[in-house]
Amino acid sequence: MILPQLHLASMYSFNHGTASPERLVEAAAAEGARIAALTDRDGVSGAVRHIRACLKAGISPVVGVELCARDEAEGPEQPQSITVLAHGRGDGRGWAGLVRLVSALHARPRGRGRARRQGPRRPVLPCERTAAFLLDEAGEPAATVLLGPDSDVGRAVLAGDRARALERLDRWRGRLPGGIAVEIVCHFARPGLARSIVHAARMLELAERAGVPAVLTNEVRHLHPEDVPTGDVLDAVAGLQPLRAHPLPLSGGHAWRKPAAEMERLARSIVARSELPRRAAGRLLDDTVRLAERCALDPVVELGWRRPKVPELHVLGVRDDPVRALRNAALRGIPERYPTARRTALERVHERLRHEIAEIARFGFAPYFLTVADVVARIRALGIRHQARGSGAGSLVNHLLGVSAVDPFEHDLLFERFLGAHRSTLPDIDLDVESGRRGEVYREIFRAYGEHRTALLAMGSTRRARGAVRDAGFALGIDEDRVDELVAGLHRVEASELRSALAERPELRQAAQRLREEPELELLVELAERLDRLPRNLSAHPCGVVLGDEGLQDLTPVQPAAGSGLPMSQFDKDDMDDLGLLKLDVLGVRTQSAIAHALDEIERGYGADAARAGGLDPEAPFVSPAGRIDPEAIPRDDEAVFEAIRTGHTIGVFQLDSPGQRELVGRMQPDRYSDIIASISLFRPGPLRAGLLDPFVDAKLGLRAPERLHPLFDEVLADSYGAVLYHEQVLRILQLAMDVTLAEADGIRRAMERNPDAPAAAFRERARERRDEQGRRLFSDQDVERIWRVLRSFGAFGFCRAHAASFAITSYQSAWLKTRYPVEFMAGLLEHEPGMYPRRMLMSEARRIGIPLLPPDVNASGVQYLVEALGPEVRGIRISLRAVHGITEEELERILTGRPFRSLGDFRRRAAPSRPLLERLASIGALDSIAGEPGRPAGRGEVIARVRGLLAAERRGRGPDPRQPALFDELPVTAEAEETAPGRSELEVLSAEVTRHALDPYRPMLAELGVREAAELAELPDRSPVRVAGVRVATQSPPGRRGSRLVAISLDDGTGCAETRFAEEAQRRCGPLLFGTELLIVQGTTRRSGARGVTVRAEGARDLKTAWREWSAAHAAQAAPSA
Amino acid sequence: MRGSSGAAEPARVRTSPVSGAPERVVWRGRSYLVVEAPVPWVERLPWWEGAGPERTARRSRERRVWRARVREEGRAESPGLLLDLTVGESEERWSAGRVAS
C-alpha cells in the first residue's frame, strides 16, 4: 500500500494552508494512494469537499483536526498542538466525536482559553476534555490523537528531557487508552529546533521505548514546494507582521506533500539518525498505514452521506404518514388559491397535485416540504412579508402550502424543473423576507426547532483581487497609501484575473500605469495572483440556515457566529447537499421592507379613504375597510402601472431599476405581466451575450416577424414572442420533439448545461422518429436541425421562468405602489434604501415626481421616514431623525419622549444632545421650528448662530443650568452668523440634499451652456448633439460585445437620470475624470432605442465645478468696470 | 549559543558519493576529516529581498547545510570543531562557519 499522508492542512486551515482539498486528493489519487487524509486547523470546514473528492477518486477519506490543547494541571504554559484523527468504526462514533470535539473547542469564550502561537489567536481545548468526546461507553477510542513536535511530549523531547517526555506520554495514554500515537515529522529544520532530523529521531526512539505506535507525517500545508512563499505571505498576514519582520530562521520550507517514495526514504534517514535498528523504519511505515486504515471512513455509514435529515415529524406537529399529511395540507390550500375555479380547472389542479405528491413520495421528500411549509407558516404568523424564489415556484404543492405566491398554471411553470428525475439531494427553496425583520425570522426558526436541529450556514470569505493585493502589499511592507491607490476601482475582480483586468478595464488604467512604471510592484501582483480564492476566514452566510434532525450536532461542528452568537455550522451550502441537511436561504430583501413600510403608511395616513387616495374603486376587494392593502390580491393588469413602467422611470421598482433595465423597459414597452417576467429574464449576462435582446424587443413591438421554430411549439413560445427564453420552454420542446417525459427532459437540459452537444445524437434520432396520428413524420430533417440549433445555443442564455416569475411578483407590487401611492412608496424606499442607488438619488426621484421633502424637525420627525399631510391633497415625506449622522439611540429616545420642545434651550436641556449633534441638527434645519419666535421663523444662519452662542456660553460656564432657562433662548445672534450652503450641510449630515438638488446652484451656467435636462432626452431625435450634466449616481463598465469595455455613468440632474456611455476613444479623452469626479458635464449625441429608450453616446466630459469656476471668473470679469 | 554559526568562509568539501554528505573539508588552509555522521538541514532565505529575477515568489530560496563534527587531519588528539557546511543556492560552492558551542 502506498504510504498515506496523515497530517495535511488545506486552504480551510485559514491563513495557513494553500491547497484546496480537491487538489490534495487529486495528488493522492495520482500517486495511487488508497487513502487520503485531511486534518485542517481548528475545524473541518474543508472535510466534506475532501470526502466528495475522495469518493470521486475512489479512495477512502480520513478526516481529522489539528488543534491547540492545554493541560490545565500545568498552569498557563504554552498550549500544545495535537492532531485528532477520527476512526472509521462503522457506527459514526468517530465522526461524531470529532465534530463534537471541534464544537467544544470553539464553545469556549474568546480571550481566556485562546492561544497566540505562531500568529493569530487560536481556540484552546483542555486536554482533559478530549476523553469526553473521543472515548465511548466501553472505553474504546473513537479517534487517535497524534502527539507531534509541538505537543508537550515533542517539546520535552526537544528539551532533551526524556523522563518528562515519558511522563507526558503516559498521561496521554491514561486519557485515551489505545488512542495515542507519536507523530514523527522531519522538515530538516536547523539542529536544535523542532522538526529537525535529530528531533524526529529522538521522538521515534521515545515511541519505541514506550511501546506506543509512531506514525510518519510531513505536516503538510502546501501541495508543491513552489507554494511555500504563499505560505510565508499567509503567515505574515496572520501574524500581522510584514515579511521583513519574520522571525528567523524561516520554517515550513519542507511542509509540502512529498511523494510516498520520498517519505519512505525520510523514514530510513530518521532511523539512521537514531539509536534504533534499521527495521524500525519498516515498523514506522507499517504503523502509519495501519492507523490510516483504522481511520478510513465510509461516508454513507458514518455520515449518512446524501441521506435527507430534516426535523422529526413530531416537531412539525405531524402525527400522520408524512405523504398523507402533505397531501391533506395541499388540498386545504385549493379553495384559498383557486376560489373561483370551475370543474375543468379544478380537475387540472387535482391531477397535477396527484402527480407532484407521487413524485415527492418517490423521492421521500414529503418531510422536507412539510418543514418548509412550517417555516413559512411561522414567518407569516409573525406578519413578515415573504416570497419564495427560484425553481420551487414551479411547484403547485408549494403554491398550495403558501410557500410561493406564484401560480404555476398562470405561467406554465413546471414541477420537473424543480424536482427532476435524477435528483438525489434535497432541492433548494429560497425565501425572500423583509430585510428589516430577518433577525426575527432567524430567531423564530431557532426557537421552533431548537439549537440542536438548527444552525447558520457558513461561508469561507475568499480573497479576490482587492483583498489579495492588500494582503500581498502588507506582507511586502508596501506603504498602505500606495496599496490603496492600486486597489481603488478593483471591484469584483478575481485575483487570478488581475493582470487581464489591469489590461482591459478602463477604471484600472492608472493602476496599470503605476505597475509599468514601478517594476518592484511586479512581485506584488505575482503574490496577489497566488492568493487567489484562498479563504481568509469562516463567516456566517448572509442568509443561509440549515435544519436537520436531533443528530445535527453529531454531523456538523458548530461555533458561535460573530455578531449574533447563534450556532454556525462549519460547512457551506454545497456541503449541505452531501450531508443531507435542509438548507434554507432566508434572504433579507430591502424592497420587501420598503413595501411593508409603504403599506403601513397608507393605512396610517388614509385609513378608510385608502382606496380613493390610490385612485381605486372604493369597493376594491384588496383594500380592507381599515385601509390595509393586500398586495397579493391586486389586479395584474393595471394599465396605469404598465404605463408608468414604460416611461422608464422605474427607480425603486424591484429588479427593473438598474440603468440597463430602465433602458430595456423603455425600449420594449411592456404592456402585460409576462413582459415583466421576460424583462427580468432578458437582462442577464447570458441573453445579453447571446444577442437575444434585440430580436425579442423587435418581435414584441411587431417590428420583425418572430422566427417560427415549428408550429407545434407556437403555444409554448407564445408569450416570449417566438423566442426560446426559459428553461421551462426547453423542457416542453424536448418533450414534444423527443417524446420524453418532462422529468427526462430536465435531465437532458441539465446535461446540456455541462456539455451542449451531449444529447445531440439522441435528439436527432428521436425527433426524426416522431410521427403524427397518420404516421407522417412530425419533423423534417431541416426542422430537426433548426430546432437542435436553437436548443443548443440556448445552453448559453436560458433562464428559469419560475425564478423570474417569483421576482416579477415583487417587481409588479413595487411598480403598483409607486404608481398608485408614490409618496408612501418613496417613503418606504428612503427608509430601507433598496436597489443600487444612494439615498440622494431616491430623493431626487421623489423631487422629480413632485413629492415635497421635509427636512428633519425635532418636533415632527420620527425614527422612520414618514408621510406628512401638508394640505387636503398634498403630502410630503418627513426625513427621519435616524438619518442624521452620529445620532445615538439614547438621543433619539430622549427627543421622541421629550417633545414637543418649546425652544432651543428647552431642547438642549431635556433632549441633551451632544454638542456636535446639536450643531448638525441646526445646520440641516432640524431646529428651525423651535428657534424662531411666534410669527417670525428664524433663518438657518440665525439658528446656527444661536446654537453656537449657546454652546460658547456653556463652555464659559454659563450653563446648561435649569434655573436659568431664559438665558439660552435670549442669547444674541453673534456677528459670526452667516448663511451656510444648505445643500452642503445636508450632504454631510444626511448623505443627501433635501432642500435643493446639488445641481441647483449651477443652473444659470447650465442654461447658458445649453445643457439639456434628463427629462428632455426622451423627446429628442436619434443622434441629436447634446450636453447633459448631473451628479454621478452609478458607474459601471460592462463588457461590450466585441470584447472592449464601455463605461456607463448615470447622471442625476433632478429631472431624472441621463444615461451616458463612454466608448474607448471617449474614455481616453476623459482620463481619470471618468471615475473620480462627482459632478460632470457630458457632451455627446443621443442614441435612441425604442419609444423611450435613450442614452447619450459620450464624446467628452468636464468637471462641472471646474467649468463653474471658469464661468464665474469670466462673468466677474465682464461685470467689473473696465480700467 | 549553540546553533548559531559564525561568519561563513569559502571551503572545499569532498562528499560521499553515496549519501552526498561531507567527508573531508579544507577550510582556512587546513584540512579536516568529518568524524561523525553530519546532520543535514535546510536554511531558508528571504525570497522577497533583492532585485531582478531573483526576487520572485515562484519558488522558495534555500540552502542545504550539513552540521559536521570535524577534526584536523593528522591531529587525532585535537578537540575538534563543529562546522556548518553550506552548499550555495545554485552551484556547488561550499562555505563553512564555525558553530558556537
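Guide: Helix H1 (21–31) and strand S1 (35–41) of chain A each give at least two residues to the lining of the largest cavity. Helices (H or I, at least four residues) and strands (E, at least two) are DSSP runs numbered from the N terminus. The model is predicted: local features need pLDDT of at least 70, side-chain atom pairs count only at pLDDT 80 or more, and totals for chains, interfaces and linings use all residues. Residues are numbered from 1 along each chain as its sequence is written.

Visitor: What makes a residue part of the lining?
Guide: An atom within 4 Å of a point. For the largest cavity 13 residues qualify, and among the closest to its centre are Gln5(A) and Arg257(A). H1(A) supplies the largest share, four residues.

Visitor: What makes the lining of the second largest cavity nonpolar?
Guide: Ala, Val, Leu, Ile, Met, Phe, Trp, Tyr, Cys and Pro count as nonpolar, Asp, Glu, Lys and Arg as charged, and the others, Gly among them, as polar. The lining includes Val469(A), Leu486(A) and Ala511(A). So its residues divide into nine nonpolar, no polar and no charged. By contrast, the lining of the largest cavity has ten nonpolar, one polar and two charged residues.

Technical notes
Chains lettered and ligands numbered in written order. Heavy atoms only, no water. 1 Å grid on protein atoms, 1.4 Å probe; cavity = no way out; pocket = protein on both sides within 12 Å on 5 of 7 lines; lining within 4 Å.
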